[in-house]
Amino acid sequence: MLAAMRFPSLCLSILLATLPLAAQQKTHEATPFEVLLHQRHGERLTDSPQIALPYLATGNVAATAVKVFNVTARQFQFDFSPSPVVINQGDNVTLTISVPANDGSDFGHGFFLENYMQAGVNISKGKSIQVQFIASTPGTFTYICTLTCGALHSNMFGTLTVNAAPANPAPTISAITPAAGSVAGGTTVQIDGANFQANPTVKFGANTATNVTLVNSSRITATTPAASSTGAVTVTVTNADGQSSTFNSFNYEPAGPTISGVTPSTGSTAGGTPITISGSGFKSGATVTIGDVAAANVVVVDSSTITATTPLGPIDGTVSTPRSVTVRNPDGQSATRSGTFTYTVPALAVTAISPNVAAPAGGTTVTITGAGFTTTSATSVTFGGTAATSVQVLNAVTISAVVPAHALGTVDVVVRQGSATVTKSAAFQFADAPKRRRALH
Ligand SMILES: [Cu+2]
């Protein structure tokens, strides 16, 4: 007689109270064997070998281990070997269930393991059946003999325990560097935090980041996806086990700067030409270079206008080649417009000589300031008609030279480049050093 038939009303109430609850619980509680017997009563079983459908491992399941147990079914108990039975969540479990040929039962025994088997199996005397499953659900599970096999058949049951895998801690995010980037995406960011696991996913708002790399459990690098609009979005890191963390926030900013024009487009190699750069995305603190030389007096008027003055231009033969103009924002984003500004060589000019007095013996090095200086043609300098030595064009507005010996007096200084000549009248004096006067106290 089946055990469940002794308690028909109790059996029904346990069924109603237990099954829906058990189905919702993460950790399974063993079902009373009477309930299982009642459920399986009347089930038509065959003793053809069956393999239970493997349950897929989900959730916080560690790497799978293979566990094989030999189960001997005899009147009126199941013996497991090896024993004790240790099954961890995620294990790939095979039960080889055998009934000895000399078992005292008439036909053999049945076997049903709740949760992991869809139906019971019968094992005839002298035969074996394999049952395989992935121990995806932790908890305690009742197994029973489903074949009436003698007077004490209802005592033929037991429980298997699947140990819960230790849950990974949820990830946390503490910082994102940089905390802002272009709405166009493509910003490489570093996400710092804790408990990051292998194969995380990273989202910026609703969009998935690319190039996600787990550096270690506290650092992820990723490339931001493009956003549909500027503004702050929540960043989400989700571990492979589904646990996630959010961080507020990453700020999508307008795309990097662009240059649409520079006016005027030409200016003297002497520099100092005021220019206006038009474009977009200019940020306060931006720098400007013209031909890789920093411009001066850079003023970011607004996000679309920058004013600046040009630096000194080149002195060699490349002077006629248009220069590129680059605007670089403090965040490192930059725009370069090539062939945008062309230097012109102004008329040869001399504005000052320093020092403008030297001893008649010569040998004093002086700096001649002016404009239109180049190295594309030979340069000579005379003091009162006598050639200076060591003449060097230092830049477009500076020449250095060594004063020659000359009689006392005030003289003209003449600078010649190629066919061009400029005279600075009475610009230099040859004089004996003044007598020192004793300081009065
Ligand atoms: Cu039995």
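I'm working with a predicted model.

**Overview.** With that in hand, I counted two helices and 36 strands in the protein chain. Next I looked up burial: 32% of the 441 residues count as buried. Then I checked contacts between residues at least 6 apart in sequence, and 62% of them join residues at least 24 apart.

**Around β27.** I picked strand β27, residues 334-344, and looked for its partners. One is β20 (residues 266-268), which pairs with β27 in the parallel sense over three bridges. Here I found Gly-267 opposite Tyr-343 of β27. Another partner is β26 (residues 323-328), and this pairing is antiparallel, with five bridges. In that pair, Arg-328 sits opposite Ser-334 of β27. I also saw that β26 and β27 make a hairpin, with five residues between the two strands. In the turn, Gly-332 has a positive phi of about 95°.

Reminder from class: strands of a sheet pair through backbone hydrogen bonds, either parallel or antiparallel.

**A four-strand sheet.** Which order do the strands take in this open sheet? I read it as β10-β12-β16-β15, with antiparallel pairing. At the edges I found β10 (172-177) and β15 (210-216), each pairing on one side only. From one strand to the next, the twist averages 20°.

I then zoomed in on β12 (residues 188-194) and β16 (residues 219-223): they run antiparallel and are joined by five bridges. Within this pair, Ile-191 of β12 faces Ile-220 of β16.

Technical notes
Residues are numbered from 1 along each chain as its sequence is written. This is a predicted model: local features need pLDDT of at least 70, side-chain atom pairs count only at pLDDT 80 or more; totals for chains, interfaces and linings use all residues. A residue is buried if 20 or more other C-beta atoms lie within 10 Å of its own, exposed if 12 or fewer, and partly exposed in between; C-beta atoms are placed from the backbone. Two residues are in contact if their C-beta atoms, placed from the backbone, lie within 7 Å. Two strands pair if DSSP finds at least two bridges between them. Axes are lines fitted to C-alpha atoms, for helices over the stretch in contact, and angles run from 0 to 180 degrees between N-to-C directions.
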